[in-house]
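Biologist: I am new to this structure. Please show it, and then take me through it by question and answer.

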Amino acid sequence: MVPLYVAMILAYGSVRWWGIFTPDQCSGINRFVAVFAVPLLSFHFISSNDPYAMDYHFLAADSLQKVVILAALFLWQARILNYYVIVFSL
């Protein structure tokens, strides 16, 4: 976990304080990460994972949270949840 935060702080400092990268270069790096690196890393993680060796409670909790988020997105799309989102954001 610590190497992730160190990399994030160094990346922030390289743009903000030291001026190593320009905003245009950051845009290119962000596009590379979004289009290539994250999908490749996700595919590698999913393909190397054995779901039969996982804990059933973890799989049930993961499936339940996906169903809850999907239902919330459908309610929000139907404009039923807009009022609650506005109230909780105040």
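Modeller: First a definition: Ala, Val, Leu, Ile, Met, Phe, Trp, Tyr, Cys and Pro count as nonpolar, Asp, Glu, Lys and Arg as charged, and the others, Gly among them, as polar. This is a predicted model, in which local features need pLDDT of at least 70, side-chain atom pairs count only at pLDDT 80 or more, and totals for chains, interfaces and linings use all residues. Residues are numbered from 1 along each chain as its sequence is written, and side-chain values use heavy atoms, leaving out hydrogens and water.

Biologist: How do the residues of the lining of the largest pocket divide into nonpolar, polar and charged?

Modeller: A pocket is an open set of points on a 1 Å grid over the protein atoms alone, where a 1.4 Å probe fits, with protein on both sides within 12 Å along at least five of seven lines; lining residues have an atom within 4 Å of a point. The lining here consists of F45, N49, M54, F58, L59, D62 and K66. The division is 4 nonpolar, 1 polar and 2 charged.

Biologist: Which helix gives the most to that lining?

Modeller: Helices are DSSP runs (H or I, at least four residues) and strands likewise (E, at least two), numbered from the N terminus. The chain has 4 helices and 0 strands. With 4 residues, the largest contribution to the lining of the largest pocket is from helix α3 (residues 56-77).

Biologist: In which helix is confidence lowest?

Modeller: Confidence is given as pLDDT, the predictor's score for each residue from 0 to 100. The chain averages 84, and 87% of the residues score at least 70. Confidence is highest in helix α2 (residues 23-48), with a mean of 90, and lowest, with a mean of 61, in helix α4 (residues 82-89).

Biologist: Is S14 buried or exposed?

Modeller: Buried means under 20% relative accessible area, exposed over 50%, and partly exposed in between (1.4 Å probe, protein chains only). S14 sits in helix α1 (residues 2-16). Because its relative accessible area is 7%, S14 is buried.

Biologist: Which residue's backbone oxygen does the side chain of S47 reach?

Modeller: S47 belongs to helix α2 and is partly exposed, at 49% relative accessibility. A polar contact is a pair of N or O atoms within 3.5 Å; within protein, one must be able to donate a hydrogen and the other to accept it, and residues adjacent in sequence count only if both atoms are side-chain atoms. At 3.2 Å, the side chain of S47 reaches the backbone oxygen of H44.

Biologist: Which residues do ring pairs link into a cluster?

Modeller: Rings of Phe, Tyr and Trp (its six-membered ring) pair if their centres lie within 6.5 Å; planes under 30 degrees apart count as stacked, over 60 as edge-to-face and the rest as tilted. The whole structure holds 3 aromatic pairs. One of them, between Y12 and W17, is edge-to-face, at 5.4 Å centre to centre and 90 degrees between the planes. The cluster linked by ring pairs is Y12, W17 and W18.
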